[in-house]
Each structure stands twice: as C-alpha cells, then as structure tokens.
Amino acid sequence: MTSFLVRDAGTLDGGRRRDVAIVDGRITSTIPEDAELIHSGGWVIPGLVDAHSHLLASTRAVGTYVDTLSMSAASVERHISRVLAANRRHGIRAIRDVGDPSDGAVARHRARHHRIGVAFHAAGRFVNGGAMPVSDTELLDPTALLAQVREQAALGGGWVKIVADRYSAAGPPALTIRPDHLITMIETAHAAGARVAVHAVGRPAVRAALSAAADTLEHGTFVTPGDVAHMARQGTAWVPTVVAMRRTLSSRLTASEMRDAFRDLASNLRLAHEAGVAILTGSDGHLPAGAVGIEAVALSECGLEMAAAFDAAVDRACAVAVDLPGNVMVTECDPREDISTLLEPLLIVSSGRLIRPAIGRGSTVDAALAGLRLDLGTTGSS
Ligand SMILES: [Zn+2]
C-alpha cells in the first residue's frame with residue numbers, strides 16, 4: 001500500500017514536530033523509503049468519528065428518511081455506498097449508523113460496504129419508533145417490543161436503537177416505553193450480543209434510559225446534574241447532537257426556553273466532561289455527509305474546552321464505533337487549540353489514497369456553520 005510522508009508535522013502525542021508517515025491508515029515515525037512527500041507542516045490527526053449518523057436520512061427534509069421499502073436492493077446499496085463514500089472523502093474514519101424507521105437497511109447491507117473504507121456499526125430499524133406516547137394506564141405489550149429488539153440485534157450490526165420518548169402535540173417529550181419494559185429490552189439486547197443506544201430527550205426518558213443501563217444516551221438535552229453523575233458511575237456515553245437538537249427544538253420552544261435549555265445543557269456538558277463521561281459527536285442527519293466536525297465546533301461553542309470537543313470527535317467515539325486502520329487528516333493547526341481547523345482539512349489519506357478536499361466545500365461548511373452560529377445565538381446580526 002502507498003505510504004505518505006508529512007515533514008515537520010504536529011501530532012497528538014505531545015512530542016515535538018517531526019517527520020511522520022501514514023502507512024496503512026496509521027500514523028508512524030518509521031518512514032518507509034518510498035514514502036511520497038505530500039505536505040510540510042500542519043497537523044496529522046486521525047479521521048473523525050460520527051457516532052450518531054443516519055446514512056438513510058433524506059437530504060430533502062430534515063428528520064425524514066429515504067423510503068427503502070419502495071426501492072430495489074441494488075438502489076438501496078448504491079445510496080448507502082454514495083453516502084459512505086462522501087463521508088470517507090471528508091475524512092470520517094468510523095461511523096455508527098443509529099438506524100431508520102423502515103427496515104434497517106444499513107444493518108442489512110452492512111457486510112457489503114466494508115470495501116468503501118469507512119468502518120461502521122449499524123442499529124437497524126428503530127425499536128418502537130412509530131409508537132405513540134404511553135399513558136399511565138396503557139400497557140404496551142412487552143412481548144412485541146422484545147421481539148423487535150431480538151430481530152434488530154440479530155441483524156448483527158452491533159447495536160439496537162430504542163426510541164424512548166417523543167414530542168406530543170403540546171408539552172414536553174413523553175415516554176413511549178414503560179421504564180420497566182425498557183430494562184427488560186436492554187437486558188435482552190445485551191444477551192443477544194448487541195449494545196443499546198436510547199433516544200431520550202426529556203427527563204423521564206433520560207432517567208429510564210440510565211436506570212436501564214443504556215450503553216449510549218442519544219440527545220439527552222434535558223439531563224440533570226444527577227443524570228450526569230449516573231452516566232459517569234455506570235459508563236453510559238452521551239451523544240448530545242447539539243446541532244440537531246438546536247434545530248429540532250427551536251420550533252417547539254420559545255426563545256427564552258431555548259436559552260434556558262441550552263444554558264443548562266452547556267453546563268451539564270462541562271460537568272460530564274469533568275466527571276469523565278464519554279461525550280461523542282453525532283451529525284444525526286442534520287449535517288452534510290462528512291461534516292461531523294461542525295458538531296465538534298458546536299460542542300466547543302457550548303463551552304466544552306476545544307481539546308474535549310476534539311476528543312469527542314476522535315478518541316472517545318471509538319468506544320462505540322468500529323476503530324479500524326482508516327482515514328487520517330492533515331489539518332492546518334492543532335484542533336485542540338483551534339477546533340474549526342477540522343472544517344477545512346488540507347489533505348485526507350483514505351485506504352491508501354490521497355484526497356485533496358475539493359475547493360468550494362468550504363462554502364457548504366460555511367453555510368452550515370453560519371446557521372449554527374445563528375442557532376446558538378453567537379452572532380449579533382444576520
Ligand atoms: Zn438520530
């Protein structure tokens with residue numbers, strides 16, 4: 001496989017700048033004789049990880065999905081390949097796909113896509129994704145829920161995604177699954193060899209997810225400091241999807257409710273980082289393929305130190321996504337000092353190939369970032 005040389009590079013190991021080679025997707029100080037010089041200066045870093053991706057998210061409208069049920073198997077595969085390839089071109093090293101509402105096509109087609117060069121896990125079809133909130137008196141049949149869990153775990157993607165709450169027409173997100181059922185569902189998934197990602201936005205679902213020992217908490221926008229301590233104690237990782245939740249909640253909350261919610265979220269994110277909770281970046285179908293670096297920037301705009309925000313996009317995420325020799329990025333500066341450098345990588349090495357990111361990508365990123373800054377209220381005027 002071709003190896004590449006970067007002279008006088010900064011690396012994450014804290015040592016002085018030095019010559020490094022990228023060989024088989026790994027960064028090494030042992031320089032092969034035939035290594036091709038590709039750059040001098042900059043920083044050589046591992047590719048990013050998207051721990052909450054939806055490869056089947058539709059680009060037409062946020063929150064909608066490609067209708068795989070009406071497509072041929074070949075076109076589903078082509079779609080998945082295209083999105084994976086776009087992620088690879090932008091330096092994404094690993095992906096965890098957290099499912100879709102129709103038939104779990106990513107998990108079903110998973111085995112065919114390892115050649116694309118992005119390692120990924122996939123959760124299959126959302127469990128209970130279409131259900132209405134439960135009322136106090138309503139008893140959902142746990143047998144059906146457990147059957148769904150077993151079916152998705154059996155796809156072999158490594159994860160099951162359970163949707164534990166939903167917004168009703170008015171009011172805060174309401175539980176869609178009884179807390180005692182959630183415990184049995186997660187035990188069942190674990191017994192079947194799968195880990196469990198729980199979608200929980202509101203407090204009741206967050207509490208239920210943590211009491212049931214979910215492996216990862218997805219969103220968790222309204223966590224409390226007590227929940228953060230619970231996550232730290234039991235090792236639940238947190239994928240806050242800040243960009244996605246800003247957009248999702250802005251149509252449901254008033255401006256002052258948004259301010260309060262995201263002020264509390266920011267302080268809980270800092271608390272979680274201090275307590276050692278693994279915080280992970282996820283695009284959640286709200287960012288262009290490969291642009292999960294924007295979520296890292298959003299975490300830092302929420303007040304997480306840049307080093308922690310970068311960690312969320314690179315190291316911690318490997319706990320939930322497949323970590324194989326993969327993409328390496330060359331950035332202009334140290335992302336732990338300037339996180340926005342992730343948005344404009346100079347070079348990407350993927351599967352032994354050198355990719356020079358297309359000029360003009362910046363405009364997409366700039367547009368997404370401008371939207372984010374407005375969302376976060378960090379710019380004065382538009
Ligand atoms: Zn999602």
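Ala213 sits in the loop that links helix H5 (203–211) to strand E13 (216–219). The model is predicted. In this model, the phi of Ala213 is positive, near 60 degrees, although the residue is not a glycine. Most residues other than glycine have a negative phi. Ala213 has 17 C-beta neighbours inside 10 Å, so it counts as partly exposed.

Thr241 also has a positive phi, about 40 degrees, and is not a glycine. Its place is the loop between strand E14 (237–239) and helix H7 (242–250). Thr241 is buried, because 29 other C-beta atoms lie within 10 Å and 20 or more are enough for that class.

The contacts of Ala164 were listed without residues up to four places away in sequence. They include Ala205, Ala208 and Ala209. Leu175, Thr176, Ile177 and Leu182 are touched by Ala164 as well. Val198, His199 and Ala200 complete the list.

Across the protein chain there are 11 helices and 17 strands. Buried residues account for 50% of its 382 residues. Contacts between residues at least 6 apart in sequence were also examined. Of these, 70% join residues at least 24 apart.

Two helix pairs were examined in detail. Two packed helices are described by the angle between their axes and the distance between the axes. Helix H3 (residues 142–153) packs against helix H4 (residues 179–191) at an angle of about 25 degrees. Their axes are 9 Å apart. The angle makes H3 roughly parallel to H4, because angles under 35 degrees fall in that class. The crossing of H3 past H4 is right-handed. On the H3 side, Pro142, Leu145, Leu146, Val149, Arg150 and Ala153 make the contact. H4 supplies His181, Thr184, Met185, Thr188 and Ala189. By class, the H3 contact with H4 comprises 7 nonpolar, 3 polar and 1 charged residues.

The second pair is helix H9 (residues 293–301) and helix H10 (residues 306–313). Their axes come within 8 Å and cross at roughly 150 degrees. H9 is therefore roughly antiparallel to H10, since the class covers angles over 145 degrees. This crossing, too, is right-handed. Gly293, Ala296, Leu299 and Ser300 of H9 meet Met306, Ala309, Phe310, Ala312 and Ala313 of H10. The contact has 7 nonpolar and 2 polar residues, with no charged residues.

Thr28 counts as partly exposed, because it has 13 C-beta neighbours inside 10 Å. Leaving aside neighbours within four places in sequence, Thr28 is in contact with Val20, Ala21 and Val23. Thr28 and Leu5 are separated by 23 residues in sequence, and their C-alpha atoms by 9.6 Å in space.

Notes: Residues are numbered from 1 along each chain as its sequence is written. This is a predicted model: local features need pLDDT of at least 70, side-chain atom pairs count only at pLDDT 80 or more; totals for chains, interfaces and linings use all residues. Axes are lines fitted to C-alpha atoms, for helices over the stretch in contact, and angles run from 0 to 180 degrees between N-to-C directions. Helices (H or I, at least four residues) and strands (E, at least two) are DSSP runs, numbered from the N terminus. Angles under 35 degrees count as roughly parallel, over 145 as roughly antiparallel, 65 to 115 as roughly perpendicular and the rest as oblique. A crossing is left-handed if the near helix is turned anticlockwise from the far one by less than a right angle, and right-handed if clockwise. Two residues are in contact if their C-beta atoms, placed from the backbone, lie within 7 Å. Ala, Val, Leu, Ile, Met, Phe, Trp, Tyr, Cys and Pro count as nonpolar, Asp, Glu, Lys and Arg as charged, and the others, Gly among them, as polar. A residue is buried if 20 or more other C-beta atoms lie within 10 Å of its own, exposed if 12 or fewer, and partly exposed in between; C-beta atoms are placed from the backbone.
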